[in-house]
Amino acid sequence: MKLILRQIPGLVDEPSSVWKVRALAIDDKCPVIEELLKWKQSEPAEFNKILKAMKVAAATRQVRDPKKVKACANPAYKGTYEFRAHKGQARVMFFYHEEEESLIVCTVPFFGKGGSAQKQDTAFKQCHELKTHFEKAQQ
């Protein structure tokens with residue numbers, strides 16, 4: 001499994017940023033960027049809210065506003081979070097990574113419309129598994 005970090009379109013690294021927000025590409029496929037580009041066309045309000053949450057997170061050591069960022073409640077997936085489109089359905093699962101630089105690594109897009117808590121839990125599980133693979137690859 002080849003893992004690469006990609007810049008998210010529409011998100012610029014500010015000099016004052018605490019974190020760099022990146023999307024994880026797996027074997028040259030980047031589900032987060034692909035879905036964000038779809039949302040930009042089909043769900044522009046959701047897209048804008050997710051991008052705003054990413055910008056807030058990039059500028060802050062830890063976001064405490066659950067309208068923008070929320071930690072996974074399942075202890076099995078500790079260390080995974082979701083960007084949230086407040087009052088919307090769009091989510092992007094991610095984790096924090098601090099080694100050579102401070103990164104927020106976006107892994108799994110999720111659209112809650114018609115979804116269930118089980119589907120959301122599956123998205124967190126995928127995020128946790130990718131976090132594990134990413135961390136092993138960094139060693």
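1. Two strands are taken as paired if DSSP finds at least two bridges between them. The model is a predicted one. In it, β1 and β2 (residues 20-26) are joined by five bridges and run antiparallel. Within this pair, Ile4 is placed opposite Ala25 of β2.

2. The β1-β2 pair belongs to an open sheet of six strands. The strand order is β1-β2-β6-β5-β4-β3, and the pairing is mixed. β1 (3-7) and β3 (69-71) are the edge strands; each has a single partner strand, so one side of each has no neighbour in the sheet. On average, and with direction ignored, neighbouring strands of the sheet are turned by 40 degrees against each other.

3. Which strands does helix α2 touch? Helix α2 (residues 44-59) packs on the sheet and touches β2, β3, β4 (80-84), β5 (90-98) and β6 (102-111). The direction of α2 makes about 130 degrees with that of β4.

4. Helix α3 (residues 117-138) also packs on the sheet, where its contacts are with β1, β2, β4, β5 and β6. The direction of α3 makes about 25 degrees with that of β5.

5. How do the axes of α1 and α2 cross? The axis of helix α1 (residues 31-42) comes within 6 Å of that of α2, and the two cross at roughly 130 degrees. Angles over 145 degrees would count as roughly antiparallel, and 65 to 115 as roughly perpendicular; α1 is therefore oblique to α2.

6. On the α1 side of this contact are Leu36, Trp39, Lys40, Gln41 and Ser42, which meet Pro44, Phe47, Ile50 and Met54 in α2. Sorted by class, the contact of α1 with α2 has six nonpolar, two polar and one charged residues.

7. How many cavities of 30 Å³ or more are there? The count comes to one. The space in the largest cavity is about 40 Å³. Its lining consists of Gln7, Leu11, Val12, Asp13, Ser17, Trp19, Val21, Arg22 and Ala58. By class, the lining of the largest cavity has five nonpolar, two polar and two charged residues.

How values were computed. Residues are numbered from 1 along each chain as its sequence is written. This is a predicted model: local features need pLDDT of at least 70, side-chain atom pairs count only at pLDDT 80 or more; totals for chains, interfaces and linings use all residues. Side-chain values use heavy atoms; hydrogens and water are left out. Helices (H or I, at least four residues) and strands (E, at least two) are DSSP runs, numbered from the N terminus. Axes are lines fitted to C-alpha atoms, for helices over the stretch in contact, and angles run from 0 to 180 degrees between N-to-C directions. Contact means heavy atoms within 4.5 Å. On a 1 Å grid over the protein atoms alone, a cavity is a set of points where a 1.4 Å probe fits but cannot get out, and a pocket is an open set with protein on both sides within 12 Å along at least five of seven lines; lining residues have an atom within 4 Å of a point. Grid points are joined across faces, edges and corners, and a volume is the space filled by probe spheres set on the points. Ala, Val, Leu, Ile, Met, Phe, Trp, Tyr, Cys and Pro count as nonpolar, Asp, Glu, Lys and Arg as charged, and the others, Gly among them, as polar. Angles under 35 degrees count as roughly parallel, over 145 as roughly antiparallel, 65 to 115 as roughly perpendicular and the rest as oblique.
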